[in-house]
Amino acid sequence: MIQEFKKVWKPYAIGLLWLLGLLWPLLGIHPDGTLSFGTTFTVWVYIAVGISICLLLYVMNKSGSLTVVSRPLAAFRGVVTQTTGKVPVWVWILAVLIFALAYPQLTNRYAQDVATNVLIYICLGLGLNVVVGLCGLLDLGYIAFYGVGAYTYALLNLHYGLSFWLCLPVAAFLAMIAGSLIGYPTLRMRGDYLAIVTLGFGEIVRILLNNWMSLTNGPNGILGIKPPAIYWPSFADGFSFEIFYLKKLHYLYYIALALAVFTIIAVRNLNFSRIGRAWESIREDETAAELMGVNTFLLKLLAYAMGALFAGLAGAFFCARMRFVSPESFTFLESAMVLSMVVLGGLGSIPGIILGAAALIVLPEVFREFETYRMLVFGASMVVMMLFRPAGLIPAKRMGARGEEKEG
Amino acid sequence: MRKKLVVVLVCGLMILPFVMGTAGAKTLKIGSMSPLTGPYASDGTDIKNGVLTAIQVFEENGGVPGYDKIELFPQDTACDPKQAVAAANKLINLEVVGVIGAYCSSSTIPGSETLDEEDIPMLTPASTNEMVTDRGLPYMFRLCGRDDDQAPAAAKFLKEQLKAKTVFIVDDKTTYSQGLADGVSKACKELGIEVVEHDHVNQGDKDFAAVLTKAKAANADILYMSLQGYSPGALMTLQAKRLGLESQIVSQDAMFQPKFMEVAKDAAEGVYITYGFTDTTTPEYKAFEKIYVPKYGPIAAYATYAYDAATVLLKAITQAGSTDPDKIKAEIMKMDFDGVAKRIKFKPNGDSGSSYIAFKIENGKFVPYWHPEKGLLQ
Amino acid sequence: MEYFIQQLINGITLGGLYALIALGYTMVYGVIQLINFAHGEFFAAGGYVGVILLSFFAGRGFLESHPILCLMAAFVLAMGYCAFLAMGVEKVAYKPLRRQSRLAALLSALGMSIFLSNGLMLTQGVYDKAYPSELFQGGIGFGMVTISYLQMMIVGMTILLLFGLNMLVFKTKIGMAMRATAQDKIMSSLVSISSNRIISLTFAIGAGLAAAAGIMVGLYYGSVRYDMGFLPGIKAFAAAVLGGIGNITGAMLGGLIIGMVEIFGAGYISGQYKDVFAFIILISVLYFKPTGIMGENIDDTRV
């Protein structure tokens with residue numbers, strides 16, 4: 001163990017000293033002309049202790065002192081894998097489905113709210129996955145399509161009284177058009193330029209939504225949107241149908257669940273279709289794909305459009321649920337969150353993205369207890385996740401093997 | 001194998017919020033919704049501190065009969081409607097009996113719709129948009145003034161006291177500031193003041209050189225700033241003075257913060273601000289000051305309103321002897337007393353009226369300057 | 001006419017600030033092809049350290065007696081601090097991810113950006129921090145046009161720094177090493193240029209320039225806030241792309257263009273859409289010349 005420690009103590013010590021040097025000017029220099037070391041030291045000691053514990057664990061792990069714990073754990077994991085491996089996949093899917101259907105009955109309002117959020121973000125994450133994961137187009141303005149979907153439903157419902165079910169395909173369609181419009185100028189650009197241009201487009205859409213008062217009522221947002229409604233037979237004065245508003249949270253949960261299931265099935269089918277394979281070839285090497293006869297132009301547009309479609313659906317639902325929509329919900333930070341879910345979960349892997357969405361929605365809620373430290377921990381955990389698991393929590397299984405992997 | 005792990009992990013994650021609950025027998029739970037992070041964190045924290053002070057004062061005077069302690073659950077809305085709805089849901093889950101909040105009108109409105117489903121009273125100390133109480137929600141109350149009261153008062157001030165003929169209006173396109181700016185524009189036109197231009201900046205902007213150059217070229221008598229928060233207002237004032245703008249600067253209640261002078265320094269001298277009249281010489285205010293300032297620092301715009309809102313709620317619960325929303329509402333409607341910020345008396349729609357006066361910044365302090373009815377106060 | 005000149009001056013000032021921040025983005029992208037989202041936070045951190053130091057000097061009374069000296073000291077110290085910060089961030093968050101996919105590094109940069117801006121918020125408070133504004137008030141007036149001393153100082157400092165950078169990159173040996181690494185990392189390591197050290201140096205210089213911009217923004221506008229890094233950050237990156245990523249002259253040009261477009265858009269059309277104009281110009285230019293105005297300058301050899 002001492003050998004392991006010797007290897008790491010130098011960067012560790014330098015790192016801690018560096019941290020102290022960074023913290024002190026922020027905490028120790030005061031505007032009244034005094035210098036202090038007290039606060040700095042306290043904060044620094046807390047952080048140093050935390051890092052030291054991690055380092056200790058790391059060193060112990062490396063040098064084998066922890067095998068007394070890790071080996072039985074690995075064995076246990078092996079046993080679990082073996083037993084669960086015998087159960088076919090469809091049983092698991094059924095179990096998840098039953099759990100998801102029964103969820104509202106088992107839990108309280110807050111948990112349902114969180115779960116509905118997770119489902120919306122699953123739709124968003126899978127949609128972004130089509131653009132980023134399958135086709136390799138780095139889209140940082142994805143949230144604009146979400147906004148288009150939401151505002152479409154809001155405006156149609158407010159001005160023309162169209163019902164949610166009718167507006168759903170309309171919102172999706174308009175989002176698709178927006179996707180194609182935004183995708184078109186970017187087709188000639190390479191990777192990172194795409195990023196900044198799509199980011200620009202996302203901001204443009206948000207600013208337009210915020211400033212175009214006559215259309216979108218600007219920053220006040222649009223109020224008084226009706227939730228989804230169905231015709232329900234009522235026996236009041238003879239047999240007739242009356243409009244029944246699905247306002248209660250568990251109804252909204254089921255609608256969200258239906259949308260999410262639809263998205264999962266759709267994305268899965270896209271993934272394993274010819275279009276999906278063409279997208280993957282564009283992602284891997286665009287020039288080669290072009291040479292092989294893949295129409296990169298159309299397919300890239302299609303990728304944007306399909307991704308936008310799912311965002312439009314999610315947006316329309318989001319609007320119906322909140323019954324209020326405002327431009328503040330469609331900032332770049334939201335786009336970044338959705339991108340994080342996709343990458344965190346594992347690019348291109350559907351179960352990974354589901355897990356990523358769940359993690360990124362539930363964890364800040366759990367961290368709500370920390371209030372002001374919430375976003376700090378979130379940022380730090382994103383960095384840590386990337387350092388230790390850059391391929392994501394559940395990396396996608398690649399179709400076919402690559403040359404390098406065979407030799408490995 | 002990984003897929004099974006997904007199932008276990010997802011289930012685990014979904015259950016997490018479920019197991020987070022709170023205990024506490026015989027605790028009176030109230031909630032607060034305000035931005036504790038983000039650009040408006042300073043005002044949101046002021047609101048939270050105001051409520052905490054009210055609880056402290058109440059507990060020192062015996063608390064609410066039937067309960068051992070009063071506990072506040074502060075929630076962060078970050079001025080984001082989505083987070084406001086989530087915060088409202090969490091408070092419903094925590095079974096609070098009333099909510100003080102929120103700050104941004106764009107958060108209060110969706111939050112109140114959520115709380116209304118469970119009939120939880122909501123008192124906002126700071127949301128001034130008309131829609132907050134115009135929707136007819138039964139348990140929605142407002143402590144601060146309304147935008148459609150502040151605008152005519154400001155216009156009257158411009159006309160009668162400052163004898164202005166032309167005005168250049170700037171707002172930053174947020175719900176509150178734009179609503180107010182539009183109101184002022186309309187009121188000015190009615191009184192015969194010419195609105196030379198009504199320009200906009202964006203929320204969070206720092207560079208106002210372009211707009212101020214325009215204002216300088218227009219050379220109106222008045223520059224009316226309607227911005228969300230003291231920070232852009234102070235920056236605009238500073239840059240205006242530096243550019244040599246000669247128009248008189250008049251602004252709105254979001255600027256009523258000691259930090260405005262801190263940032264704008266000398267440039268803030270002579271600026272007029274309309275704000276709900278708060279008599280700082282009343283014994284109630286002095287008592288509040290004595291408790292609040294040592295603990296939380298200088299008093300900003302909405303701490304007083306938040307304190308009054310919490311006091312109203314706690315008083316209503318005490319007088320009603322129960323937490324039933326209808327009984328609370330009945331008690332609130334009966335109230336008529338001197339709060340810290342103003343006289344507390346509610347109208348049927350939940351508003352409590354507003355009395356906007358104009359303050360002038362003299363020697364780094366807000367001095368009451370002009371009253372719509374009484375005229376010059378000096 | 002005077003209105004035009006006044007807005008022109010405003011535009012040049014803003015453009016210079018954007019150019020300084022854009023340089024950091026462009027140099028880092030040139031060597032490791034990473035969009036360093038945390039760069040905006042270096043800008044904010046520089047502004048904060050500047051205000052801390054200046055307030056400290058004001059508290060001790062140095063500010064009244066030796067204003068220029070204090071300002072110089074603040075600049076140097078803040079630039080040093082941010083260089084220090086940037087090198088650390090690079091070692092912790094970007095270096096281990098150099099072999100991984102670009103998206104992983106991007107996410108790490110995003111996470112770092114959130115972490116740093118919240119770190120600033122927690123250590124410095126959520127409120128704005130005002131710069132001691134006794135310095136450099138007033139200006140010279142030519143009729144309706146006013147050039148404030150601050151504007152002159154900003155333009156002057158910007159020109160000085162850009163000139164210095166140009167000297168460094170094109171006339172010194174270290175500069176040659178930087179250009180070599182940007183062109184082809186593998187070959188330059190074969191001629192014994194340590195790419196790790198050059199990358200750290202690049203980060204340091206970029207962050208130093210951003211810090212200078214941060215202090216100047218604080219002086220010019222009057223205050224700093226923990227979230228002030230975000231929007232200037234993306235606009236500066238847009239400026240870098242506009243001018244041709246990896247290209248230093250391009251970044252300077254791009255910054256100037258974006259600054260002018262923003263000010264003239266706000267001055268002649270409307271203040272509310274000024275961010276939009278900048279992006280529209282970017283998209284239009286990229287559509288017709290996908291590599292930016294002056295062409296890109298990155299390591300695009302593939303093994």
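Modeller: This is a predicted model. Start just past the end of helix H4 of chain B. There, B:Asp119 takes a positive phi of about 55°. Now step back into the helix.

H4(B) covers residues 105–117, which makes 13 residues.

Is H4(B) mostly covered or mostly open? It is mostly covered, with 11 of its 13 residues buried. Walk along the chain to see them. B:Ser105, B:Ser106 and B:Ser107 are buried. B:Thr108, B:Ile109, B:Pro110 and B:Gly111 are buried too. Then come B:Ser112, B:Glu113, B:Thr114 and B:Leu115, also buried. Keep one rule in mind while you look. An α-helix has 3.6 residues a turn, so residues three or four places apart point the same way.

Stay in chain B, but move on to its strands. Strand E13 (residues 356–362) and strand E14 (residues 365–371) of chain B pair in the antiparallel sense, over 5 bridges. One bridge links B:Lys360 to B:Val367 in E14(B). The two strands form a hairpin with 2 residues between them. In that turn, B:Asn363 has a positive phi of about 55°.

E14(B) has another partner, strand E15 (residues 375–376) of chain B. These two run antiparallel and are joined by 2 bridges. Find B:His371, whose bridge partner in E15(B) is B:Gly375. A hairpin through 3 residues connects E14(B) to E15(B).

Next, look where chain C meets chain A. Here 45 residues of chain C are in contact with 40 residues of chain A. On the chain C side, helices H2 (39–60), H4 (67–94), H5 (102–124), H10 (230–243) and H12 (274–288) each supply at least two residues. H5(C) gives the largest share, 14 residues. By type, this side of chain C divides into 31 nonpolar, 12 polar and 2 charged residues.

Finish with chain A as a whole. It has 17 helices and 4 strands. Its C-alpha atoms fill a box of roughly 85 × 65 × 50 Å along the principal axes. Of its 408 residues, 44% are buried. Take the contacts in chain A with a separation of 6 or more: residues 24 or more positions apart account for 73% of them.

Notes
Residues are numbered from 1 along each chain as its sequence is written. Chains are lettered from A and ligands numbered from 1 in the order in which they are written. This is a predicted model: local features need pLDDT of at least 70, side-chain atom pairs count only at pLDDT 80 or more; totals for chains, interfaces and linings use all residues. The expected span of a helix is 1.5 Å times one less than its number of residues. A residue is buried if 20 or more other C-beta atoms lie within 10 Å of its own, exposed if 12 or fewer, and partly exposed in between; C-beta atoms are placed from the backbone. Two residues are in contact if their C-beta atoms, placed from the backbone, lie within 7 Å. Ala, Val, Leu, Ile, Met, Phe, Trp, Tyr, Cys and Pro count as nonpolar, Asp, Glu, Lys and Arg as charged, and the others, Gly among them, as polar. Two strands pair if DSSP finds at least two bridges between them.
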